[in-house]
There are 4 protein chains.
Amino acid sequence: MIDIGIIGGSGYTGGELIRLLLQHPEARIRTVTSRRLADTPVTDVHRHLTGLIDLDFATPAPAEIASECEVVFTAVPHGAAMDIVPKLLAGGTRVIDLSADYRLPQQVFEDTYKRPHTDPRDGGAVFGLPELHGGIAEADLVANPGCYPTGAILSAAPLASEGSIEYAIFDSKSGVSGAGTDPSATSHYPNLAENVRAYNITAHRHLPEIVQELSRLDRSLNNIYFTPHVVPAIRGILTTAHLIMNRELDYDAVLGLYNEFYQGKPFVRVRDSIPDLSDVRGSNFCDIGIACGGRRVVVVSAIDNLVKGASGQAVQNMNLMFGLPETAGLLTPPLSP
Amino acid sequence: MIDIGIIGGSGYTGGELIRLLLQHPEARIRTVTSRRLADTPVTDVHRHLTGLIDLDFATPAPAEIASECEVVFTAVPHGAAMDIVPKLLAGGTRVIDLSADYRLPQQVFEDTYKRPHTDPRDGGAVFGLPELHGGIAEADLVANPGCYPTGAILSAAPLASEGSIEYAIFDSKSGVSGAGTDPSATSHYPNLAENVRAYNITAHRHLPEIVQELSRLDRSLNNIYFTPHVVPAIRGILTTAHLIMNRELDYDAVLGLYNEFYQGKPFVRVRDSIPDLSDVRGSNFCDIGIACGGRRVVVVSAIDNLVKGASGQAVQNMNLMFGLPETAGLLTPPLSP
Amino acid sequence: MIDIGIIGGSGYTGGELIRLLLQHPEARIRTVTSRRLADTPVTDVHRHLTGLIDLDFATPAPAEIASECEVVFTAVPHGAAMDIVPKLLAGGTRVIDLSADYRLPQQVFEDTYKRPHTDPRDGGAVFGLPELHGGIAEADLVANPGCYPTGAILSAAPLASEGSIEYAIFDSKSGVSGAGTDPSATSHYPNLAENVRAYNITAHRHLPEIVQELSRLDRSLNNIYFTPHVVPAIRGILTTAHLIMNRELDYDAVLGLYNEFYQGKPFVRVRDSIPDLSDVRGSNFCDIGIACGGRRVVVVSAIDNLVKGASGQAVQNMNLMFGLPETAGLLTPPLSP
Amino acid sequence: MIDIGIIGGSGYTGGELIRLLLQHPEARIRTVTSRRLADTPVTDVHRHLTGLIDLDFATPAPAEIASECEVVFTAVPHGAAMDIVPKLLAGGTRVIDLSADYRLPQQVFEDTYKRPHTDPRDGGAVFGLPELHGGIAEADLVANPGCYPTGAILSAAPLASEGSIEYAIFDSKSGVSGAGTDPSATSHYPNLAENVRAYNITAHRHLPEIVQELSRLDRSLNNIYFTPHVVPAIRGILTTAHLIMNRELDYDAVLGLYNEFYQGKPFVRVRDSIPDLSDVRGSNFCDIGIACGGRRVVVVSAIDNLVKGASGQAVQNMNLMFGLPETAGLLTPPLSP
């Protein structure tokens with residue numbers, strides 16, 4: 001059994017980590033922290049887990065957590081992780097960070113998040129997208145990718161690796177749970193129901209992650225655009241990748257390329273039809289469908305933003321770090337309808 | 001043209017008052033107040049009205065508003081109206097108050113809202129439910145009913161007036177706009193979507209209004225219960241009135257009773273089927289349907305909580321106060337689908 | 001491992017049976033039938049299960065299924081089960097029937113469903129509500145309860161067993177998946193979104209099941225009423241049980257009664273607050289909350305209609321029939337948000 | 001008063017025509033046809049209009065309608081209009097056709113809709129997008145544009161007219177009422193709620209309209225792509241136009257261009273922020289917002305698909321054809337929230 005700590009367990013990603021780890025055959029949750037909710041039962045917040053977990057939120061020091069746990073998930077806001085992570089690593093535990101703090105080189109991070117980075121360790125963290133990155137098994141620190149980047153990168157990676165994309169325009173539609181548990185104008189039901197909202201249209205903070213990863217696959221790919229939308233849904237991100245190619249491509253060829261690229265990747269399901277959010281709800285799958293028309297290839301990817309886009313991918317990384325089957329505890333079927 | 005002021009114009013009921021009055025042939029909006037938003041355009045908040053109204057939020061003193069306006073709608077929180085209304089009345093204008101401050105006798109108000117009433121004028125305000133109350137035409141102060149009471153009272157009034165109800169149980173399902181424009185846990189999309197929430201199950205503040213009005217019709221009716229729910233909808237209240245009668249009643253007889261009772265009431269549509277919220281969305285109608293089984297009569301009423309349950313009814317009261325046709329400006333068709 | 005057949009596997013309850021059994025440590029699905037979809041992959045319909053089950057829909061004769069399977073779930077329409085079930089039983093397998101065919105005495109069934117019963121075996125099937133019925137372990141034929149009855153009966157059973165209910169009015173709010181996979185006016189998005197629909201207001205076919213079970217607990221309880229509504233949700237039934245008692249009851253006493261009654265029942269979670277649908281989504285839990293006011297006790301129960309209201313309860317019955325822990329394969333946490 | 005006929009009045013666009021014309025100061029609805037519903041009250045289908053219109057569905061011959069009406073709206077399926085329209089025109093009435101039959105040249109129509117055109121009159125109908133086309137006032141036959149084309153064309157027209165677009169990619173998100181009143185898999189609530197569906201990804205039938213109109217403005221613009229999605233909403237289309245320009249453009253310059261282009265067009269509201277669907281719900285407005293980033297300009301347009309995307313635009317065309325103010329009867333404020 002792996003002893004596990006969750007720092008910042010009161011939000012949606014914290015709740016999902018608990019939900020997934022409760023179903024994991026090798027996981028033992030030792031501590032779940034929340035400064036705000038110290039000493040109250042975890043199930044006061046995560047009511048659905050009543051009867052399934054019997055822990056109170058705790059507030060141990062990082063060193064204490066490190067001594068108890070073989071791996072710690074940090075599910076804290078951007079900017080907070082960089083204070084905690086070095087202490088955890090110093091204490092000898094391994095860390096999977098769900099914040100943005102270790103995904104980008106220092107300069108890019110600082111430009112994007114408008115704050116200094118107090119723990120720059122460029123190259124010291126592995127970008128935790130297992131379908132594209134090796135090195136996770138040996139890593140002490142894994143930077144779990146953002147939700148939008150996960151869906152966008154996986155939708156375009158095979159074609160990017162071929163070097164034939166001229167323009168990549170990612171138009172994403174997300175459920176609102178990505179905005180967190182705090183009520184806001186965005187999540188206010190009368191504002192979101194029966195509505196669609198485009199936001200951060202040309203400059204969302206997840207764009208640099210997408211650029212970083214696709215550029216790794218195709219250094220000449222410069223024209224990468226990303227526009228997110230919120231739709232009336234709790235969970236899920238559907239990304240429509242409009243890829244303008246340097247030549248016309250045949251559907252069968254593209255489908256073959258994707259099937260080959262994702263061969264042996266258990267969580268990417270390349271389909272012969274277009275996926276939708278209910279195909280993956282609650283699960284760690286990323287479903288992909290393809291359409292071709294002229295010089296445009298449209299790839300549609302569907303993920304659950306809280307699972308493959310956050311906590312599920314984090315557990316997938318944990319599996320790799322501890323030499324477990326990549327799918328351990330993660331093959332719970334999606335919930336549909 | 002009637003010169004009109006709206007005090008507290010930044011919320012949903014304020015926005016609806018403007019929307020409805022813009023379509024009213026005799027209405028001229030002179031001022032819309034908001035302390036918080038002073039000097040910003042009304043359309044910064046009510047974006048949908050862009051191009052249709054060219055006013056900034058103002059903060060005139062009540063005396064000033066009274067001197068300019070023939071009638072003032074007060075759409076402020078409970079407890080705030082009692083500060084403003086006496087000043088308006090003293091200034092010689094007439095007032096339609098959308099808060100709870102003047103709907104109940106002082107003692108009942110204070111018990112229900114847990115605060116002293118600083119402007120008790122028992123009997124000095126008319127309860128503004130035109131289908132049941134005369135005296136609105138002559139009133140200087142009309143207390144516009146609550147949203148739930150409007151739907152509940154209209155659903156049961158004909159049978160109450162016959163004196164044959166033993167138990168009246170109102171189970172209401174409301175859209176969330178009744179909770180206002182401020183984001184809250186209740187209105188947080190992930191909490192409300194795909195959900196139903198019962199709240200204030202035995203002691204909602206609207207219960208005394210329902211009791212007051214039905215008791216007026218049947219002094220022996222003591223067993224009145226009310227349980228509200230929030231459902232995933234922006235607008236509308238569907239009330240299922242479970243009425244246990246002192247004898248079995250025949251459907252045709254009940255339908256006949258309702259048709260007769262609401263004869264000449266233009267906004268109550270007694271139907272031969274069960275209404276739903278889309279039948280009345282955006283409109284001032286209260287649709288009513290009936291089912292009978294044994295000693296239980298079930299009456300279902302549907303209203304738009306922001307229109308017949310608030311601002312539309314307020315305009316209906318205004319029409320009566322100024323000798324206009326009751327339906328002036330209020331026959332805009334519902335929006336369906 | 002238990003060899004299992006599913007007859008009628010293309011609908012929502014069929015899909016849920018597969019989803020749940022895939023997570024069950026002792027279940028082996030041998031065959032899933034669908035006449036309409038014979039020889040097509042199960043995952044063509046249940047797309048979310050792609051990669052998790054590798055079976056085609058088959059159309060074996062009942063005798064063949066009976067010879068292969070230790071237990072068969074019949075998830076076919078009302079009226080169809082009574083043709084198949086006797087053949088299965090004759091073949092020596094055990095049957096859990098999810099239709100209404102074996103829940104009621106012959107006469108009540110025929111009056112309710114307006115058709116003759118061709119396989120009456122009054123007393124020959126056990127009503128599969130494990131929290132109230134013994135005898136499931138030994139049964140060859142279990143009649144899995146309806147979705148509404150499950151939530152309604154569990155909400156009122158403890159008070160009914162005390163004999164103090166005068167009137168029981170069940171006002172239920174259901175997601176639309178209970179209406180099945182076939183598009184209809186009821187499930188048409190523009191008809192249901194932003195709406196609430198009351199239907200079969202005094203005479204829903206599930207009422208006789210509720211009456212049957214509560215009358216077993218209190219023979220003097222005659223006044224049982226039930227009104228269902230559809231709300232804009234995919235899954236879940238929230239039942240508001242308005243119980244008029246013969247005396248005032250104290251909250252703590254009622255809570256104590258419920259805790260005691262459901263002691264040792266792992267799927268009923270008696271709460272000290274009011275549950276909502278997200279507390280149980282995707283899970284086999286029935287959450288219950290209580291409020292008291294005067295002579296009315298209001299009990300709110302929340303279930304997932306496809307799980308505790310159908311397929312999950314069926315698996316719970318299977319566990320009991322095969323001497324497994326009641327919770328085997330059924331403690332997957334709910335999906336929230 | 002203008003005497004008006006509506007052929008095919010039982011669907012959503014028929015209902016919206018009636019709703020809008022009831023509020024029109026110069027409109028008199030003489031007949032509403034439906035073969036299927038002949039002799040039943042219009043309000044049996046359009047329940048929300050109960051009490052507001054007192055007509056039965058009729059089935060007069062086109063010649064009879066033509067003799068009674070000054071203008072006829074044909075709201076029938078594609079392919080059906082071409083049978084009826086010539087008879088109406090021969091009868092001397094004017095026609096506004098809401099189908100696709102007269103929007104495209106014969107060859108393009110036949111290629112797109114896969115059927116022969118039996119009434120080709122290339123050049124004989126005016127494309128009824130008043131913001132771009134003159135000649136409506138004098139036309140006897142107006143081809144009302146499709147819903148998607150209305151939002152897409154208006155979002156890009158100013159920049160197309162400048163000749164600086166290299167690639168135009170329209171990613172549209174639509175409410176499901178565009179699919180009509182008949183229940184289908186697409187409109188089945190469990191399929192659409194909490195979901196987003198991309199469909200006809202590279203070859204939707206509305207693409208040729210978009211190409212036709214934008215090519216008129218910029219003959220060198222060849223790279224026009226369109227992908228529609230259905231989102232969980234009843235009404236509205238939000239179009240995100242990703243426009244790759246031949247050079248970087250400055251936000252203020254683009255905003256200025258749009259303001260100038262739509263100067264004097266009362267239904268296009270160019271905003272300094274991004275619109276969403278609630279800004280226009282129920283109204284004839286097309287709201288437009290702009291964002292610029294590098295060589296990409298993103299224009300977001302929001303319309304109500306049943307109003308500006310269908311029936312409202314048809315009434316706008318009627319106003320122009322009869323010399324009325326363009327806005328007559330069409331300034332009903334949007335319904336928000």
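Two residues are in contact if their C-beta atoms, placed from the backbone, lie within 7 Å. This is a predicted model: local features need pLDDT of at least 70, side-chain atom pairs count only at pLDDT 80 or more, and totals for chains, interfaces and linings use all residues. Residues are numbered from 1 along each chain as its sequence is written, and chains are lettered from A in the order in which they are written.

**View 1. Chains A and D meet through the same surface.** Of the interface residues of chain A, 100% are also interface residues in chain D.

**View 2. Helices α6 and α9 of chain D pack together.** Helices are DSSP runs (H or I, at least four residues), numbered from the N terminus. Here α6 covers residues 147-162 and α9 covers residues 251-261. Their axes lie 10 Å apart, at an angle of about 105° (lines fitted to C-alpha atoms over the stretch in contact; angles run from 0 to 180 degrees between N-to-C directions). That makes α6(D) roughly perpendicular to α9(D) (65 to 115 degrees). From α6(D) come D:A157, D:P158, D:S161 and D:E162. From α9(D) come D:L257, D:Y258 and D:F261.

**View 3. Domain 1 of chain A touches domain 2 of chain A.** An automatic or database assignment sets the bounds: domain 1 is 2-144 + 308-321, and domain 2 is 148-305. Their C-alpha centres lie 25 Å apart. The contact takes 16 residues from domain 1 and 24 residues from domain 2.

Definitions and conventions. Helices (H or I, at least four residues) and strands (E, at least two) are DSSP runs, numbered from the N terminus. Angles under 35 degrees count as roughly parallel, over 145 as roughly antiparallel, 65 to 115 as roughly perpendicular and the rest as oblique.
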